[in-house]
Amino acid sequence: MTHALIVDDDVDSAAMLSELIAMQGLTVATANTLRDARKQLALQTPDLVLLDLRLPDGSGMDLFADPELLANSEVVLVTGHASLETSILALRLGAVDYIVKPITPKQLQGVLSRVTKPAVLKAEVAGLSAELASSGNFGQLWGRSPNMLRVYEQISRVAGTGVTVFITGESGTGKEVVAQTIHDLSRRRKMPFLGVNCGAISPNLIESEIFGHEKGSFTGADRQHQGFFERAAGGTLFLDEITEMPLDLQVKLLRVLETGRFMRVGATQSQETDVRIIAATNRSPLQAVADGRLRVDLMYRLNVFPIDLPPLRERLSDVPLLAGRFLRLIGEQEGKEKRFAPEALTKLAAYAWPGNVRELRNAVHRAYVMAPGDTIDTQWLPDPGEGYVDAASVAVAAVSPVVAPAAPESAVGRAPAPDGATVVLPLGISLAEAEHRLILATLEHYGRQKERTAAALGISLKTLYNRLKQYESDGKS
């Protein structure tokens, strides 16, 4: 039977929690001081510890001083003195969640439903690590490069906790796959994982989609609608491209993160939510704040545990592994296996992949379709040009990120465009502005044909539309 220990100097609060836990079929013990808590831990190892921070003889954090004391227990901090710094410290020490008093029955039920012995989660991570060594994948993520190993380590540390994660990385690097992997390794994995692209929903509808609405709350609202927060109850909500969310809605999201409550559009009563938030963006969060696209208070609230995904050009040693994986999947779907010629893999590993893993997957699919036989050669792979790096860079990529050499102060960077046309980019220009100029110049070069423009830039048509929509709203189109 699952056993819980409540460590709280508030006798009434401890008694109430004890009764609620016992009603759920768990055995429960209480302690009002650190000394009593150590005695209870010695008598019987609890599966769950609800730990108050402020105790008469010290801080609840002091229990983490002995690693063996809580090694087999899931620790949830329950305190009336909340702060972001304390929650981050608690995560580093080993707590899995953080609840602010007064704790409600619904919050407690959510915590109890997710109790999982730390040994179980550690065994799962160990299994994934063994799979990584043998086949090169960590769950749905593939690659053995040093910077990906760092990402796997971060996922392993944060998955079992309840803290908010902020994933950054270029478009096509696999941010949603990372979010899904975190969910799959978490205590919420039996509950829903829902993803929403904040840039793909109309600003007029996004609040209704995220929070839901009541019948009659606006024209066309002919029935009550559950938003993502309700549909993801108990699970994980992935907010992709968070910097595309309207600023007024960011205020409401911040309030949900801080209070754990939200309101449907048109509602008069708020309701509790039990959802873990994972956010992502392909922009620099600090630059997004400077550009007025992300509230600084929301950024700090989301950025409790940041994960930065490397672009594919900084892990070119993973390209053959990824390409082989995509080719096997396509072969299974199409019912015919094909293989890469050695020179094809060499060519793939020498390309800089501006569209990252998504572009690589599309290139492999195109080559599979166009190759007449069972072997894919270099004919239908991306052509040499601006996307390629030299052989030395390919060698360096296996152990470290690709770093461009410094240019003289008077130099002018030139990005070669199709058919010999060029775009002149002065030194000191921001990356966002450089991207803006390159996209619009390429669009004009191709007579505003969006499909050809996206193909030339190595990005998806959806990404191109999102960029053009952003430029239009900024008055920069």
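View 1. The model is predicted, with local features needing pLDDT of at least 70 and side-chain atom pairs counting only at pLDDT 80 or more, while totals for chains, interfaces and linings use all residues. Residues are numbered from 1 along each chain as its sequence is written, and side-chain values use heavy atoms, with hydrogens and water left out.

**View 2. The largest cavity holds about 110 Å³ of space.** Its lining is made of 13 residues, and Val96, Asp97, Arg114, Gly162 and Arg187 are the ones that lie nearest the centre. A cavity here is a set of points, on a 1 Å grid over the protein atoms alone, where a 1.4 Å probe fits but cannot get out, and lining residues have an atom within 4 Å of a point; the volume is the space filled by probe spheres set on the points, which are joined across faces, edges and corners.

**View 3. Helix α18 (residues 450-457) and helix α19 (residues 461-473) cross at roughly 105°, their axes coming within 9 Å.** The two helices are therefore roughly perpendicular to each other, a term for angles of 65 to 115 degrees. Lys450, Glu451, Thr453 and Ala454 of α18 meet Leu461, Leu464, Tyr465 and Leu468 of α19, where contact means heavy atoms within 4.5 Å. Five of these contact residues are nonpolar, one is polar and two are charged. Axes are lines fitted to C-alpha atoms over the stretch in contact, and angles run from 0 to 180 degrees between N-to-C directions; helices are DSSP runs (H or I, at least four residues) numbered from the N terminus.

Notes: Angles under 35 degrees count as roughly parallel, over 145 as roughly antiparallel, 65 to 115 as roughly perpendicular and the rest as oblique. Ala, Val, Leu, Ile, Met, Phe, Trp, Tyr, Cys and Pro count as nonpolar, Asp, Glu, Lys and Arg as charged, and the others, Gly among them, as polar. On a 1 Å grid over the protein atoms alone, a cavity is a set of points where a 1.4 Å probe fits but cannot get out, and a pocket is an open set with protein on both sides within 12 Å along at least five of seven lines; lining residues have an atom within 4 Å of a point.
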